[in-house]
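Please keep the structure in view while reading.

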Amino acid sequence: ISWKKFLMPYKKLTEVIGNRAIIILEEFGKVAQLAAETVSGILRGKIKLNLTLEQMVKIGYESLPLAITASAFVGMVFAVQIATEFARFGAGKYVGGLMAVAMSRELGPALVGVVIASRVAASIAAEIGTMKVTEQIDALKALGSNPVRYLVIPRFIACSLMLPILTITADLVGFFGGYMVGTLVAHINPVEYMENARAFFKLW
């Protein structure tokens, strides 16, 4: 009896951990099933072009001002931090290469990811959540329509197409924001800035 009393709290603990693990695995399974349905729908050509173009405008075009503003200021601030120090030690010509590598590899993609996650992902989650609560998704199923085709695939394709475009735009804007600060504030030679950027930056 004493052993049963001793093991009782641990038994409850293992039950709680097991239940949590089952819930997590179920959620992963649902996500994997949704991903499989999305990819198979795209491969079978079940794409609503008008809905996809509408989502491309919402995700890409309407996010462009925020992405440009954020990348421009981050590029300028980053250039202020490094250009003044590099120029003081006579290494100002390397600012262009450092800006090109930093914006293209790290800062540009990270900024666009944050912008999309904060603006677009929250909007999509709220929109689909509202449709779920108001039973609009159940209505689509009752009418014989596939909700994945109408709600998921257009947004998936729009994100896949617009994220690289936004990232390239953010890279260019941030780089030229650093160019303005480097040449005007740190008085770096513009030709050296661009030549060094071209030497450091490899498209592949």
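A crossing of two helices is called left-handed if the near helix is turned anticlockwise from the far one by less than a right angle, and right-handed if it is turned clockwise. In this predicted model, helix H3 passes helix H6 in a right-handed crossing. The contact draws on Leu64, Ile68, Ser71, Ala72, Gly75, Met76, Ala79, Val80 and Ala83 from H3. From H6 come Leu166, Thr169, Ala170, Val173, Gly174, Gly177, Gly178, Val181 and Gly182. By class, 11 residues of this contact are nonpolar, seven are polar and none is charged.

Two packed helices are described by the angle between their axes and the distance between the axes. For H3, residues 64-88, and H6, residues 147-184, the axes come within 7 Å and cross at roughly 40°. H3 and H6 are therefore oblique to each other.

H6 also takes part in the pockets. The largest pocket has a volume of about 430 Å³. Its lining has 14 residues, and Lys30, Leu34, Glu37, Val148 and Val152 are those nearest the centre. At least two lining residues come from each of H1 (2-43), H4 (95-133), H5 (136-142) and H6, with H1 giving the largest share, five residues. Eight residues of this lining are nonpolar, two polar and four charged.

The second largest pocket holds about 250 Å³ of space. Of the 13 residues that line this pocket, Ala100, Asp171, Leu172, Phe175 and Phe201 lie nearest its centre. H4, H6 and H7 (190-200) each provide at least two lining residues, and here the largest share, five residues, belongs to H6. This lining has 10 nonpolar residues, one polar and two charged.

Conventions:
Residues are numbered from 1 along each chain as its sequence is written. This is a predicted model: local features need pLDDT of at least 70, side-chain atom pairs count only at pLDDT 80 or more; totals for chains, interfaces and linings use all residues. Side-chain values use heavy atoms; hydrogens and water are left out. Axes are lines fitted to C-alpha atoms, for helices over the stretch in contact, and angles run from 0 to 180 degrees between N-to-C directions. Helices (H or I, at least four residues) and strands (E, at least two) are DSSP runs, numbered from the N terminus. Angles under 35 degrees count as roughly parallel, over 145 as roughly antiparallel, 65 to 115 as roughly perpendicular and the rest as oblique. Contact means heavy atoms within 4.5 Å. Ala, Val, Leu, Ile, Met, Phe, Trp, Tyr, Cys and Pro count as nonpolar, Asp, Glu, Lys and Arg as charged, and the others, Gly among them, as polar. On a 1 Å grid over the protein atoms alone, a cavity is a set of points where a 1.4 Å probe fits but cannot get out, and a pocket is an open set with protein on both sides within 12 Å along at least five of seven lines; lining residues have an atom within 4 Å of a point. Grid points are joined across faces, edges and corners, and a volume is the space filled by probe spheres set on the points.
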